[in-house]
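The exercises below are meant to be worked with the sequence and the coordinates open side by side. Each one sets a task and is followed by a solution that goes step by step.

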Amino acid sequence: MRRLITLSYRNPDLPPYSVEFAGRRRRVLDLPLISWLTLIWVMLWSTLTWANVVTGVVVAVAVCLAFPLPQVDLGLRLHPWGILRLAGYLLYDMYTSGVKVTRQIFVGRPHRPAVIGVPLRCRSDLMLAATAVSVSNVPGGSVVEVRRATATLFMHVLDADRPEELEAARRSVWKLEELTVRAFGTPDEIARVSGPPPPVAGSDDGEEGP
């Protein structure tokens, strides 16, 4: 017997966190989209009340049923444990890197900056962008270019005095890439980042002096 309502975890073909209604015309409700439209409705009324929330849900469901959007898979998956690990590592890395950059500015001699290329293992546009945003949030390194064809991030690092510092910067990017994909990636992408990092063609390739 066919179910009238099917949740996304029972049907892998459905987008995550969605509900399918059976009938002559198939309808799929995206629950994050319903939540977002309800939030906009409440903000338009400028008052958080139960009446506004309920009417917002009703209006959002009616709009989504009347004007269904085409099914588009962005390749985004939410992994709660992976999101917690990514958030925890980012907070730790932002703190330790901030202390390191402060020490470089106020103590010791000036350091030699450089731009290095870091090839990534993930290939989807979403994961490339998410990894670039994660890397840019950490002090001491900022992304200056994302080369989509080769899945390579080019980032500016403040301390490039020794080859070991450049290798540490690359390992930090690969670590953030793995945590980002394990938080938001598909099973195929998670399997890809579980492997070793791609080789770097010459440790000094893509570097530019000050």
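**Exercise 1. Elements and confidence**

How many helices and how many strands are there in the protein chain? State their order as well, and say how confident the predictor is.

Solution. The structure is a predicted model, in which local features need pLDDT of at least 70 and side-chain atom pairs count only at pLDDT 80 or more, while totals for chains, interfaces and linings use all residues. Residues are numbered from 1 along each chain as its sequence is written, and side-chain values use heavy atoms, with hydrogens and water left out.

Step 1: The protein chain has six helices and six strands, where helices (H or I, at least four residues) and strands (E, at least two) are DSSP runs numbered from the N terminus.
Step 2: Read from the N terminus, the order of elements is β-β-β-α-α-α-β-α-β-β-α-α.
Step 3: The mean pLDDT (the predictor's confidence in each residue, from 0 to 100) is 82, and 89% of the residues reach 70 or more. Over residues 204-210, however, the pLDDT is below 50, although this stretch has 16 contacts in the model beyond near neighbours in sequence; contact means heavy atoms within 4.5 Å.
Step 4: Of the contacts in the protein chain with a separation of 6 or more, 61% are between residues 24 or more positions apart.

**Exercise 2. Helix 1 against helix 2**

Describe the packing of helix 1 and helix 2 by angle, distance and handedness, and then classify the residues in the contact.

Solution. Two packed helices are described by the angle between their axes and the distance between the axes.

Step 1: The two helices pack at an angle of about 130°, and their axes are 8 Å apart; axes are lines fitted to C-alpha atoms, for helices over the stretch in contact, and angles run from 0 to 180 degrees between N-to-C directions.
Step 2: Helix 1 and helix 2 are therefore oblique to each other, since angles under 35 degrees count as roughly parallel, over 145 as roughly antiparallel, 65 to 115 as roughly perpendicular and the rest as oblique.
Step 3: Helix 1 passes helix 2 in a right-handed crossing, a term used if the near helix is turned clockwise from the far one by less than a right angle, with anticlockwise giving left-handed.
Step 4: Among the residues that make the contact are Leu37, Trp41 and Trp45 of helix 1 and Gly56, Val57 and Cys64 of helix 2. By class, the contact has 12 nonpolar, four polar and no charged residues, where Ala, Val, Leu, Ile, Met, Phe, Trp, Tyr, Cys and Pro count as nonpolar, Asp, Glu, Lys and Arg as charged, and the others, Gly among them, as polar.
Step 5: Trp45 and Gly56 are 11 residues apart in sequence, and their C-alpha atoms are 9.9 Å apart in space. Trp45 is exposed, with a relative accessible area of 51%, the classes being buried under 20%, exposed over 50% and partly exposed in between (1.4 Å probe, protein chains only).

**Exercise 3. Helix 4 against helix 5**

Carry out the corresponding analysis for helix 4 and helix 5.

Solution. 

Step 1: Helix 4 (residues 125-136) and helix 5 (residues 163-184) pack at an angle of about 125°, with their axes 9 Å apart, which makes helix 4 oblique to helix 5.
Step 2: The crossing of helix 4 and helix 5 is right-handed.
Step 3: The residues in contact include Met127 and Ala130 of helix 4 and Leu176, Glu177 and Phe184 of helix 5; by class they divide into seven nonpolar, three polar and one charged.

**Exercise 4. The segment after helix 6**

Which residues is Val200 in contact with, leaving aside its neighbours within four places in sequence?

Solution. 

Step 1: Val200 is placed in the segment after helix 6 (187-193), and with a relative accessible area of 27% it is partly exposed.
Step 2: Apart from those neighbours, Val200 is in contact with Pro119, Arg170 and Trp174. Arg170 is 30 residues from Val200 along the chain, and their C-alpha atoms are separated by 9.6 Å.
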